[in-house]
Amino acid sequence: MEQNLLSVINEILTDKNGAIIETLNGNMSLRKDLGFDSMDLAVLTAKLDAEYGIDIFEDGIIDTVEEVLNKLG
Amino acid sequence: MLVAGQNCAFGDNVSFGDNIKIGQNVIIEDNVKLGNNVIIEDNIIIRSGVTLGNDTIVSSNCIIGEHLMDWYENRGYTQNHYLTIGDHALIRSGTIIYSDSQIGTHFQTGHFVSIREKSVIGNHVSVGTLCNIQGYCKIGDFVRMHSNVQIGQKSVIEDYVWIFPNVVLTNDPQPPSNELVGSHICSFAVVATGAIILPGMRINGDSLVAAGAVVAQDVAEFSVVRGNPAKHVLDIRWLRNQKTGEKVYPWRYYFERGMPWEDVGYEAWYAKLGVESIKDK
């Protein structure tokens, strides 16, 4: 799952012409460390929902990679 | 009752409603009709053929019913041209509105707005400071334009559209040319700051054009597009409030201020309409 999340994150970064990342760190902030804006977060939500059927923001805003992974179970 | 300041000049066949207040240095030309409770501030020209609705305020240094090109070409001789502005208008200082246009009720401008001829503008429309509406266009009801929006000729903007600052709707596919092709923005679409809409685009309803995007192809309903050229990013319904995580689109379900469904909510308001006139999903 972590590898899959990394892949999705790198898809988004590539679309933004941003640099891809090699590994994920649970403490990574989607906003501060990965530079995701509101649209990027929405894209992430949509992609993860399409794959896992889970809306990661359904219960409120989350920010770190660890929080995303916890949401995905 | 009419109260007028110094250095005013009124033409022939001017109709004054009740309770009119006119400032200094105001020229009102022939065949002008002012409704009731109209306030005309200082240094204003209201040209022939203008009708201002009840409860209208025109702030200082405006020209209402500006001459069209035939006046300049024919050195003052002109066909009859008309401008109608509905009730409850607030026209702020420095604004110039050409003749041969039709504007609905509750119209509001910022400062230094320019609106050219053959503009048909609906009710409850606000046009922000430094906006330039080039004329020969149609704008619906409850349209909100922020500052410095440029609307090219032949543009069509439907009801409940938001256009944020510094947006440009272009219309010349191969400039310079004589063939103008306007764009069409459908109801409930949002065009964010600095976006450029190329000629002939259709921005479908409930879509969002992201800030700075350059739209070179039609935008699908509920689509969010960004970039240059703009590309589809996601369905707008995935966008969330960044603090609460709550959904915020389609915006009509979450935003009410100044809208006809204010205080009652969109669904309740729409249910009362009992019409199929607004697309809804």
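A strand here is a DSSP run of at least two residues, numbered from the N terminus. The legends below describe close-up views of a predicted model.

**Figure 1. B:S101 and its surroundings.**
B:S101 is found in strand 15 of chain B, which covers residues 101-103. Its relative accessible area is 6%, so B:S101 counts as buried, the limit being under 20%. Two polar contacts of the side chain of B:S101 can be followed in this view. One runs to the backbone oxygen of B:R116, at 3.2 Å. In the other, a polar atom of the B:S101 side chain lies 2.9 Å from the backbone nitrogen of B:S119. Not counting residues up to four places away in sequence, B:S101 touches B:Y82, B:L83, B:T84, B:R116, B:E117, B:K118 and B:S119.

**Figure 2. The salt bridge between B:K118 and B:D100.**
The closest N and O atoms of B:K118 and B:D100 are 3.4 Å apart, and the two residues form a salt bridge. B:K118 lies in the loop between strand 17 (114-115) and strand 18 (119-121) of chain B, and B:D100 in the loop between strand 14 (96-98) and strand 15, so the pair ties together parts that are 18 residues apart in sequence.

**Figure 3. The salt bridge between B:D206 and B:R252.**
Side chains of opposite charge can pair when their charged atoms come close. Here the side chains of B:D206 and B:R252 meet in a salt bridge, with 2.6 Å from N to O. B:D206 lies in the loop between strand 30 (202-203) and strand 31 (208-209) of chain B, while B:R252 lies in the loop between strand 34 and helix 2; the pair therefore ties together parts that are 46 residues apart in sequence. B:D206 counts as buried at 4% relative accessibility, and B:R252 counts as buried at 0%.

**Figure 4. The salt bridge between B:R237 and B:D235.**
B:R237 forms a salt bridge with B:D235, and the closest N and O atoms are 2.8 Å apart. B:R237 is partly exposed, with a relative accessible area of 32%. B:D235 is also partly exposed, at 23%. Elsewhere, salt bridges that share partners join A:K16, A:D37, A:D40 and B:R226 into one network. Over all chains, the count comes to 13 salt bridges.

**Figure 5. Aromatic rings in chain B.**
The whole structure holds 19 aromatic pairs over all chains. The rings of B:Y160 and B:F188 have centres 5.0 Å apart and planes at 5 degrees, so this pair is stacked. The pair links distant parts of the chain, 28 residues apart: B:Y160 is in the loop between strand 24 (156-157) and strand 25 (162-163), and B:F188 in the loop between strand 27 (184-185) and strand 28 (190-191). Both B:Y160 and B:F188 are buried. B:W251 and B:W261 form a tilted pair, with 5.9 Å centre to centre and 40 degrees between the planes. B:W251 and B:W261 are 10 residues apart, both in the loop between strand 34 (231-235) and helix 2 (266-273) of chain B. B:W251 is buried, with a relative accessible area of 6%, and B:W261 counts as buried at 0%.

**Figure 6. The interface of chain A and chain B.**
How many residues of each chain are in contact across the interface? In chain A there are 17, in contact with 14 of chain B. The area buried between chain A and chain B is about 1,100 Å², and carbon and sulfur atoms give 64% of that area. A:M39, A:A42 and A:I61 supply 43% of the area that chain A buries against chain B, more than any other three residues. Three salt bridges are found across the interface. In one salt bridge, the side chains of A:D55 and B:R240 meet at 2.4 Å, N to O. By class, the side of chain A that touches chain B has seven nonpolar, three polar and seven charged residues.

Conventions:
Residues numbered from 1 in each chain as written. Chains lettered and ligands numbered in written order. Predicted model: local features only at pLDDT ≥ 70, side-chain atom pairs only at ≥ 80, totals over all residues. Heavy atoms only, no water. Contact = heavy atoms within 4.5 Å. Buried area = accessible area lost by both parts, 1.4 Å probe. Salt bridge = Lys/Arg side-chain N within 4 Å of Asp/Glu carboxyl O. Nonpolar A, V, L, I, M, F, W, Y, C, P; charged D, E, K, R; others polar. Phe/Tyr/Trp six-rings, centres within 6.5 Å; stacked < 30°, edge-to-face > 60°. Helix = DSSP H or I, 4+ residues; strand = E, 2+ residues; numbered from the N terminus. Buried < 20%, exposed > 50% of the residue type's maximum accessible area, 1.4 Å probe, protein only. Polar contact = N/O pair within 3.5 Å; in protein donor to acceptor, adjacent residues only side chain to side chain.
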